[in-house]
Each structure stands twice: as C-alpha cells, then as structure tokens.
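Let's go through some of the labels used for this structure and ask what stands behind each one.

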Protein chains: 2
Amino acid sequence: MMSPIISDLDKLTAHLAARGQRRRVAVVCGTDVDTLKAVADATAGGYAHAIFVGRVAETRQAAEGLMDLSQADFVDAADDTDAARKAVALVRNGEADVLMKGLVGSDVYLRAVLDKTAGLLPLGGVLTHVSVTEWADYGKLLLFSDAAVIPFPTPEQRRAQVGYAVERCRALGVEEPRVALIHCSEKASERFPYTLDYADIIAEGQQGRWGKVRIDGPLDLRTSCDAEALRTKGISSPLEGQADVLIFPNIEAANTFYKTMTFIVGAVSAGVLCGTTRPVVLPSRGDDAATKLYSLAMALL
Amino acid sequence: MMSPIISDLDKLTAHLAARGQRRRVAVVCGTDVDTLKAVADATAGGYAHAIFVGRVAETRQAAEGLMDLSQADFVDAADDTDAARKAVALVRNGEADVLMKGLVGSDVYLRAVLDKTAGLLPLGGVLTHVSVTEWADYGKLLLFSDAAVIPFPTPEQRRAQVGYAVERCRALGVEEPRVALIHCSEKASERFPYTLDYADIIAEGQQGRWGKVRIDGPLDLRTSCDAEALRTKGISSPLEGQADVLIFPNIEAANTFYKTMTFIVGAVSAGVLCGTTRPVVLPSRGDDAATKLYSLAMALL
C-alpha cells in the first residue's frame with residue numbers, strides 16, 4: 001500500500017502522532033524555552049519521551065510548567081561536555097533513540113557525536129545536513145542540502161548528499177524523488193567547476209544508484225521549481241519544475257537559501273543531520289520552537 | 001543640500017522623470033516586448049531617448065504601438081554581432097549615453113563591450129555586477145553583488161565590488177552606506193577562506209578608502225538586515241542590522257539570493273554592470289519589463 005505523501009510540516013507531526021510510537025529523545029542541556037517547548041509538543045503528541053541530560057535541578061526548574069514531567073527522565077551531568085558525552089552514550093547503548101541539542105554549543109555537541117570511539121559516526125561515513133522548508137505556493141515540502149555541515153562537497157560527498165536527501169524524501173512518502181543539482185544557470189562550464197561533476201552523478205542516478213529517482217542539473221532555483229520558467233527558457237527537464245530536492249553547489253549557496261527562506265520568506269523549516277548511526281537533531285541557536293519541533297520530527301520519522 | 005534618499009524603485013524612476021534630462025540609450029536588438037516596454041516607459045517618463053540598433057524594419061514593426069516612435073532613432077545592422085558592435089561604437093563615440101541589451105545573447109553583447117580596442121572596459125578595470133532589490137518590510141533598497149559576472153572574487157575584485165556598490169548607494173542618496181561582507185556565520189575561519197580577507201577590507205573601509213561608510217563582516221543575511229537578530233545573538237555591529245549593501249562571498253551565493261528574492265519572494269529587482277567606461281544595462285533573458293526598466297533606470301542614475 002502506498003503511504004500518503006507528507007506535504008507539509010504539520011502533516012509530519014500529525015503522521016508521527018497517528019503512528020503512536022513513543023521514541024526516547026536524549027536532550028543535551030535542554031534548559032532553553034524553545035527546546036523545551038518543542039520537546040513538550042512532541043511528548044504531548046504521543047511520539048516522544050524525553051531524557052534530559054544535564055544539571056538536573058536546573059533542567060527540572062526550566063521544564064516545570066512547560067511540559068508533563070511524568071513523560072520525562074533526568075540524567076545528571078557535571079557540565080556541558082559531560083552532558084553531551086552521556087547523552088551520546090545513551091543513544092549508542094540503545095537506551096535512547098534520538099539525540100537532540102539544547103542550550104549547548106554546537107562544537108561541544110558535535111565533538112561528542114563525532115568522537116571516534118564513543119560517538120555516532122560510522123567508520124568512513126559522510127556527515128551531511130538536509131534542510132526541509134515549506135512555502136505557501138509550492139504545495140509540497142522542499143528538501144535541500146547542505147546549509148550547515150560540508151563547506152565544499154567533493155564528488156563523493158555530493159553523492160552522499162543526494163543519497164541522504166532521497167532517503168528522507170522516501171520517508172516522507174515521495175516514491176520517485178526529483179533531485180535538482182543547482183547552479184547559476186543550466187550550462188555546465190569550466191568556469192564553475194562543481195557543474196563538471198554533475199553529469200556523472202546524473203548518469204549514476206539514471207542507472208539506479210539511488211533507486212527510482214529523477215535527477216537533473218545544472219538547473220537554477222527557478223528552472224528546478226517553476227514549470228513556467230522551464231517553458232520560457234525552452235528547456236526540457238525530467239523534474240518538470242517540481243523538484244523535491246535541491247542540492248546546492250556549496251555551503252555558501254545553501255546557507256544563503258536557508259537564511260533567505262527563513263528570514264525574508266518567513267518559511268517554516270526544519271533540519272536533520274544525516275550519516276550518523278542514529279538520528280541526531282542539530283538545531284541552530286536562532287531556531288524557534290516550531291523549527292526545533294519539526295527538526296525533531298524529521299529525526300523521528 | 002542633502003538629496004532625499006531613493007528608498008524604492010518607483011521613487012528611482014520618479015526621480016529621473018523629475019530631473020528631466022533625456023539620455024540617449026543605444027538598444028541592441030530591441031525587438032522583444034519586455035525590452036520595448038521598458039524603453040517605452042523610460043521614454044514616456046521623459047528621461048530616455050532610444051536609438052535602436054539592429055534590423056530596422058523588424059525593430060520598427062515590433063515597437064509599433066508600444067511606444068512613441070518620434071522619440072526613437074534607428075540604426076541598421078546586418079546581424080546581432082554587427083548590432084552589438086555598432087551600438088558600443090555609438091556609446092564610445094559619445095553619440096549615445098548608455099548601452100542596453102535587447103533580444104541578443106549575453107555572449108555576443110559582452111564580447112562587444114569587452115573588446116580591447118573598441119569596447120567599453122577601461123585598461124585593467126574590474127567588471128562586476130550590482131543588483132538592487134526591494135521587499136516590503138525592509139523600508140529601503142538593498143544592493144548586492146555579484147550575482148552575474150565574477151565567479152570567485154579575488155581580494156582586489158572584492159574591493160572593486162565594495163567600491164562600486166558604495167558609489168551606487170551614494171547615487172541613491174545614501175550618505176553613509178552600510179556594507180555587509182556576507183558569510184554563513186559571524187566568525188572568520190580557515191574553513192571559509194573568503195572570510196579571512198574580510199578583516200583587511202574592513203580596516204581599509206574604516207580608514208576611509210571608500211569615503212564615509214560603515215562596513216562589517218562576516219555577517220549573515222539576518223545579522224546584516226535584522227536588528228533583532230543581532231540582539232538575540234548578542235553581536236554588536238556598526239551596521240545595526242540595516243545594511244544597504246550585501247557583498248556575497250561568491251557568485252553561487254549571490255545568484256541564489258537573487259533567484260530566491262525574485263522567484264520566491266517576488267521582490268522587484270534591477271541590475272547594473274559596473275566598471276565599464278559608460279553605463280551598460282545587462283538584463284537576464286527571464287527579466288520582465290519592470291526589471292528591465294529599473295535596470296535601465298539604475299544605469300541612467
């Protein structure tokens with residue numbers, strides 16, 4: 001049976017609530033209001049159980065009144081580094097399902113995740129980041145990579161980005177994800193070295209490397225997401241201007257898209273780290289409670 | 001006397017209309033409707049006089065009914081290359097003030113502009129592109145560079161980008177332009193080589209290289225344009241979240257911003273080529289009549 005497509009982020013949380021499996025979330029230093037609100041929402045929705053790792057008294061006090069503490073456990077930690085290590089260990093040992101970042105620096109958090117002997121990164125694995133955004137007129141979720149982790153992807157990292165984004169699309173119910181390899185225009189050119197790798201990746205995609213997908217590029221944002229722009233430019237693309245995934249050339253372009261979408265468009269967004277052995281939620285300092293909730297939901301999917 | 005600040009693109013065309021100087025625009029192959037509408041508007045506004053360079057019969061027929069042909073001259077050309085060369089020659093010889101692109105390939109057009117003996121590029125000059133955009137909530141025009149010409153700016157090209165954008169700001173009446181050097185975050189880092197050049201450029205700016213300016217970076221889009229985001233992140237910046245200019249690290253980021261603003265935000269935009277001996281308008285194939293008009297207006301300012 002085909003599962004219905006999850007076409008916006010509220011449908012995502014509704015889907016998790018309907019599925020009714022409560023997953024254990026190890027929250028590192030979950031003392032800020034936005035993290036607590038997100039965890040409270042997921043707990044109230046019946047799909048999360050929180051394990052707060054940090055200074056217990058402080059966390060209890062912060063959480064009091066914001067959530068049902070009967071759905072929470074507490075693990076004491078001496079400091080941020082200790083909290084990150086202990087939370088990672090819980091996930092590693094199967095005592096928690098998902099890792100989530102609260103009020104702790106990304107460097108401390110990621111150091112524990114990336115620890116070679118005690119972390120959550122498989123040997124030789126590529127760690128990358130997939131963002132999800134929705135905006136009113138598009139009618140479906142748009143995934144893109146990588147606004148946060150890999151600065152300048154090598155061809156092998158690029159392949160990993162495609163693979164993870166496709167996998168996330170499938171989890172959202174998109175059977176045949178449409179993947180756009182983005183650049184400034186539709187011409188591959190030596191002026192833009194990234195575009196020279198696109199043809200090989202597209203050929204591999206057409207040969208089934210990532211299952212049933214449609215993949216094309218270079219395309220720009222418009223020819224990826226606007227059927228009319230394709231027609232106007234006289235271009236034919238298997239994506240038909242309805243991309244599910246945008247793979248940006250580098251972090252500078254992807255991060256610009258992320259910031260423009262959240263700040264200027266006001267689009268609701270979420271992010272998920274890919275390539276770890278277990279799901280890891282890596283919100284930004286400036287993310288609001290909704291973004292943190294949806295990011296947690298993407299990790300729980 | 002301080003001139004009033006031109007805070008949106010309609011004020012720009014109103015300013016030119018009020019100034020009442022009619023400038024001669026050499027239009028290369030001006031046979032497409034959007035170019036003709038833009039030229040017609042500028043002509044009707046009293047600040048342009050068109051010299052159409054191309055196949056005369058064809059151009060006359062296309063322009064008929066769209067504009068007042070008594071405000072137009074026609075120069076015959078055998079083909080696109082010939083038209084581009086002849087139009088550039090008119091501007092070079094002082095018989096026209098501004099060059100504008102119609103239905104002709106950018107390569108053909110730019111080849112004539114960049115011709116070493118007969119073009120419009122000064123010896124050793126840096127050619128770069130400045131875009132202008134407005135969106136409802138910002139309250140003023142936002143300039144950014146470079147979405148179209150320089151792929152990966154060297155430090156010297158970066159300085160030229162700052163200089164040209166500052167000069168365009170001043171023409172718009174901004175006395176002390178606020179310039180943000182953009183990257184993913186506010187930290188300069190060896191992971192992001194562009195950010196390592198920013199400190200020197202900022203120091204030169206503070207020493208007055210570009211006159212009275214405020215310049216800061218790395219900043220991201222949000223800390224450049226949102227005072228509240230600055231406060232939330234606990235950052236102090238002389239721009240105070242009110243940038244007039246965003247200098248993006250490379251064409252991939254700037255082009256992503258341009259496409260997101262025009263396609264998703266629906267922001268009105270314009271573009272101007274900088275570094276030529278005389279103003280050159282370089283619209284994109286997909287630009288509508290309004291964008292072409294405002295781009296012409298920026299060149300006429």
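Q: Why does Phe52(B) count as buried?
A: In this predicted model, Phe52(B) has a relative accessibility of 1%. The cut-off for buried is under 20%, so Phe52(B) counts as buried.

Q: What makes Phe52(B) and Phe74(B) a stacked aromatic pair?
A: Their ring centres are 5.5 Å apart, with 25 degrees between the planes.

Q: Why is the pair of Phe248(A) and Phe257(A) called tilted?
A: The centres are 5.2 Å apart, and the planes make an angle of 35 degrees. Stacked requires under 30 degrees and edge-to-face over 60, so this pair falls among the rest, called tilted. Phe248(A) and Phe257(A) share one aromatic cluster with Phe144(A) and Tyr258(A).

Q: How do you know whether Phe257(A) is buried or exposed?
A: Its relative accessible area is 0%. Buried means under 20%, so Phe257(A) is buried.

Q: What makes Lys259(B) and Asp220(A) a salt bridge?
A: The closest N and O atoms of Lys259(B) and Asp220(A) are 2.8 Å apart. The limit is 4 Å, so the pair qualifies. Across the interface of chain A and chain B, two salt bridges are found.

Q: Which helix of chain A gives the largest share of the side that touches chain B?
A: That is α10(A), with 13 residues.

Note on methods:
Residues are numbered from 1 along each chain as its sequence is written. Chains are lettered from A and ligands numbered from 1 in the order in which they are written. This is a predicted model: local features need pLDDT of at least 70, side-chain atom pairs count only at pLDDT 80 or more; totals for chains, interfaces and linings use all residues. Side-chain values use heavy atoms; hydrogens and water are left out. Rings of Phe, Tyr and Trp (its six-membered ring) pair if their centres lie within 6.5 Å; planes under 30 degrees apart count as stacked, over 60 as edge-to-face and the rest as tilted. Buried means under 20% relative accessible area, exposed over 50%, partly exposed in between (1.4 Å probe, protein chains only). A salt bridge is a side-chain nitrogen of Lys or Arg within 4 Å of a carboxyl oxygen of Asp or Glu. Helices (H or I, at least four residues) and strands (E, at least two) are DSSP runs, numbered from the N terminus.
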